[in-house]
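Please examine the structure shown below.

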Amino acid sequence: MTLKDEALSLQAEVAAYAVAGAADLEAFRLAYISKNGKLSLLFEQFKNVPKEDKKEFGQILNAVKQAAEDKFRLHKEKIEAQAEAQAGAAIDVSLPADLGMKGSLHPLTQTKDEIIRIFQRIGFNLSEGAEIETDWHNFSALNFAPNHPARDMQDTFFVEKDPDMLLRTHTSSVQIRVMESQKPPIRTLSVGRVFRNETISARAHCMFHQIEGLYIDKNVSFADLKETLLYFAKEFFGTQTKIRLRPSYFPFTEPSAEVDVSCNICNQKGCNVCKYTGWLEVLGCGMVHPNVLRNCGIDPEVYSGFAFGMGIERITMMRYTIKDLRLYFENDMRFLKQF
Ligand code: DAH
């Protein structure tokens with residue numbers, strides 16, 4: 001075999017050499033590229049090539065050298081990239097865990113849960129009613145006169161096909177459901193959505209949430225009501241909180257009152273949240289009207305009780321000084337993330 005033939009066969013060898021990994025690549029380097037490799041040995045033969053073949057022999061050898069070096073570099077890069085990718089994929093158990101995006105409870109849910117916990121501590125249980133109610137449970141049994149303005153189309157969503165059915169306008173309807181089906185003593189809380197035909201604004205919505213409380217037993221007095229609400233206000237707004245009861249009117253309670261809590265944003269010095277009065281209105285309450293007890297088959301000569309109702313949106317707004325009611329229902333992460 002002439003030296004030229006040897007060079008050509010080496011060229012074919014280099015081209016055919018299979019490199020599957022780092023070990024193959026090192027063997028390739030030793031066999032062809034290293035100082036003692038086949039290429040160097042052939043270069044050393046240069047002097048023995050007949051003069052007229054030197055040019056062609058040199059060209060072939062240079063081409064083989066180039067091909068061998070290119071092949072080496074290409075595989076080296078590939079192997080290094082693979083190693084890097086593997087290192088990246090390996091798990092470093094000392095790194096802090098990635099918990100991903102965690103959900104959180106809606107501010108209204110947090111308020112609701114807290115109010116429930118406060119009343120559960122003094123023996124209140126939970127009751128549920130229906131969002132689509134009868135006129136009886138939402139109005140008539142609660143002592144609303146047939147022509148009471150709250151029944152008006154402007155406030156109430158009626159079911160078109162059945163004017164006796166409506167979307168409840170308050171959770172007081174649950175009082176009736178509970179008293180119709182249970183005997184006193186009753187100490188219950190009902191939570192849920194209520195609906196009113198209101199134009200949506202920063203202060204009003206057609207759908208919001210209420211919590212209703214009801215306590216019926218022998219000898220329940222207005223003092224019990226006041227003490228219960230003071231307990232609630234201190235637990236929810238802080239121990240320094242004071243309450244104030246103002247006479248009011250609801251068809252289903254007599255006497256009725258509206259309850260204010262002391263504004264702890266300004267410590268009653270006056271601010272724009274309490275409109276410089278030092279007080280914030282939180283709920284309506286009163287002694288259950290004898291007519292309501294009678295409507296549910298409970299003898300008002302034997303039993304008495306109190307009821308109260310509050311808006312969850314409103315109380316949450318007070319707690320966090322939220323200025324616009326619509327924020328609760330927009331699912332804006334920038335708002336929700338703050339709770
Ligand atoms: N139902 C009333 C409302 O939606 C709130 C209310 C007032 C509930 C007095 C009561 C109560 O239980 O005694 O505005």
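The second largest pocket has a volume of about 360 Å³. Among the 18 residues lining this pocket, Arg203, Val273, Cys274, Lys275 and Leu280 are the closest to its centre. A lining residue has an atom within 4 Å of a pocket point. The lining divides into seven nonpolar, three polar and eight charged residues; here Ala, Val, Leu, Ile, Met, Phe, Trp, Tyr, Cys and Pro count as nonpolar, Asp, Glu, Lys and Arg as charged, and the others, Gly among them, as polar.

This is a predicted model, in which local features need pLDDT of at least 70 and side-chain atom pairs count only at pLDDT 80 or more, while totals for chains, interfaces and linings use all residues. Residues are numbered from 1 along each chain as its sequence is written, and side-chain values use heavy atoms, without hydrogens and water.

The largest pocket holds about 960 Å³ of space. Strand E9 (279-288) gives the most to its lining, with six residues. By class, this lining has 16 nonpolar, 12 polar and nine charged residues.

Two packed helices are described by the angle between their axes and the distance between the axes. Helix H1 (residues 3-16) and helix H4 (residues 54-89) pack at about 15°, their axes lying 10 Å apart. H1 is therefore roughly parallel to H4, a term for angles under 35 degrees. The contact (heavy atoms within 4.5 Å) includes Leu3, Ala7 and Val14 of H1 and Phe57, Ile60 and Val64 of H4. In this contact, 14 residues are nonpolar, one is polar and three are charged.

Conventions: Axes are lines fitted to C-alpha atoms, for helices over the stretch in contact, and angles run from 0 to 180 degrees between N-to-C directions. Helices (H or I, at least four residues) and strands (E, at least two) are DSSP runs, numbered from the N terminus. Angles under 35 degrees count as roughly parallel, over 145 as roughly antiparallel, 65 to 115 as roughly perpendicular and the rest as oblique. On a 1 Å grid over the protein atoms alone, a cavity is a set of points where a 1.4 Å probe fits but cannot get out, and a pocket is an open set with protein on both sides within 12 Å along at least five of seven lines; lining residues have an atom within 4 Å of a point. Grid points are joined across faces, edges and corners, and a volume is the space filled by probe spheres set on the points.
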